[in-house]
Amino acid sequence: VPIISAQHLGKTYRSGKLEVPALRDVTFDVEAGEFVSIVGPSGSGKSTLFYILGGLTSPTSGSLLIKGQDFSRLSDGERTKLRRAHIGFVFQRFNLLPTISARANIELAHDIAETGRPFDEALLSKLSEMLGIDGRLQHRPNELSGGEQQRVAIARALITRPAIVLADEPTGNLDTRNSDAVLSMLRESSRELNQTVLMITHNPEAAQIADRILHIRDGRVLRIEQGMGRLPET
Ligand code: ADP
Ligand code: ADP
């Protein structure tokens with residue numbers, strides 16, 4: 001059974017009399033443990049698909065099965081619960097709380113997820129080492145570089161051991177060197193923890209880190225191809 005099954009997803013935004021079709025008949029499956037990139041130009045519907053996959057917005061048509069459960073038919077409360085239990089988010093703008101330390105940001109994510117498990121210090125050590133942020137955890141976000149902030153954000157997403165990680169342009173604010181490092185680390189840590197990753201990007205080279213690449217244009221799936229599973233050599 002695929003961990004994610006998108007069936008004929010459609011989304012139309014309405015503002016007054018204007019109807020903006022953002023997604024049309026989007027169908028694809030993702031197997032557990034797979035790393036999938038979603039690539040397309042600006043306005044192609046990537047963010048809309050991300051919000052639907054994350055249960056942050058509902059599709060206007062079609063269905064989304066997460067672990068066999070129809071996400072699009074759940075109540076808002078049920079969807080929030082499922083989201084917190086199974087999904088970790090990484091955003092382009094890092095979205096760390098600025099007034100508290102990196103460590104406190106990661107601990108907060110654990111508290112919000114209400115997993116019922118104690119905070120996993122061993123996992124934090126492992127993640128910090130893997131991501132190269134041990135020694136940086138006492139710092140507040142504005143004392144860290146962009147690349148470090150994004151690595152903290154990845155640790156925050158992974159600390160709850162979510163089955164699915166959704167990353168929206170995770171390297172959009174990083175230079176090439178930091179971007180390559182962050183992509184490789186996201187790939188490594190998800191492999192290590194056997195997590196399914198869906199990453200949105202408009203960068204075709206970054207997309208190659210995935211097992212499969214889903215190209216979208218004008219709200220439709222244009223084609224699905226194999227990724228290299230690593231970054232292309234430059
Ligand atoms: P991408 O992330 O690939 O840039 P989006 O999903 O943001 O694409 O947008 C897809 C289309 O839907 C675009 O035409 C965009 O202008 C439109 N759109 C996105 N969000 C809204 C919204 N909240 N209201 C109306 N139109 C929207
Ligand atoms: P980014 O490029 O960082 O994803 P966007 O400019 O695409 O940011 O979108 C920022 C926010 O505005 C999103 O919540 C998106 O849904 C919304 N949005 C995008 N396009 C439109 C639009 N045409 N009308 C209304 N809201 C939109």
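Colleague: Which residues surround ligand 2 here?
Modeller: In this predicted model, ligand 2 is surrounded by Ser 47, Tyr 51 and Arg 93 (a residue is near a molecule if one of its heavy atoms lies within 4 Å of it). Local features need pLDDT of at least 70 and side-chain atom pairs 80 or more, while totals for chains, interfaces and linings use all residues. Residues are numbered from 1 along each chain as its sequence is written, chains are lettered from A and ligands numbered from 1 in the order written, and side-chain values use heavy atoms, without hydrogens and water.

Colleague: How far is Ser 47's polar side-chain atom from an oxygen of ligand 2?
Modeller: That atom of Ser 47 lies 3.5 Å from an oxygen atom of ligand 2, and for Arg 93 a polar side-chain atom also lies 3.5 Å from an oxygen atom of the ligand (a polar contact is a pair of N or O atoms within 3.5 Å).

Colleague: And how much of ligand 2 does the protein bury?
Modeller: Taken alone, ligand 2 exposes 560 Å², of which the protein buries 24% (Shrake-Rupley areas, 1.4 Å probe).

Colleague: New topic: where is Leu 56?
Modeller: Leu 56 sits in the loop between helix H1 (46–53) and strand S4 (61–66) (DSSP runs of at least four residues for helices and two for strands, numbered from the N terminus). Because its relative accessibility is 41%, Leu 56 counts as partly exposed (between buried, under 20%, and exposed, over 50%, with a 1.4 Å probe and protein chains only).

Colleague: How do S9 and S10 run?
Modeller: Strand S9 (residues 212–217) and strand S10 (residues 220–226) run antiparallel, joined by six bridges (strands pair if DSSP finds at least two), and Ile 216 stands opposite Val 221 in S10.

Colleague: What about the turn in that hairpin?
Modeller: Two residues lie between S9 and S10, and Asp 218 in the turn has a positive phi of about 50°.

Notes. A polar contact is a pair of N or O atoms within 3.5 Å; within protein, one must be able to donate a hydrogen and the other to accept it, and residues adjacent in sequence count only if both atoms are side-chain atoms.
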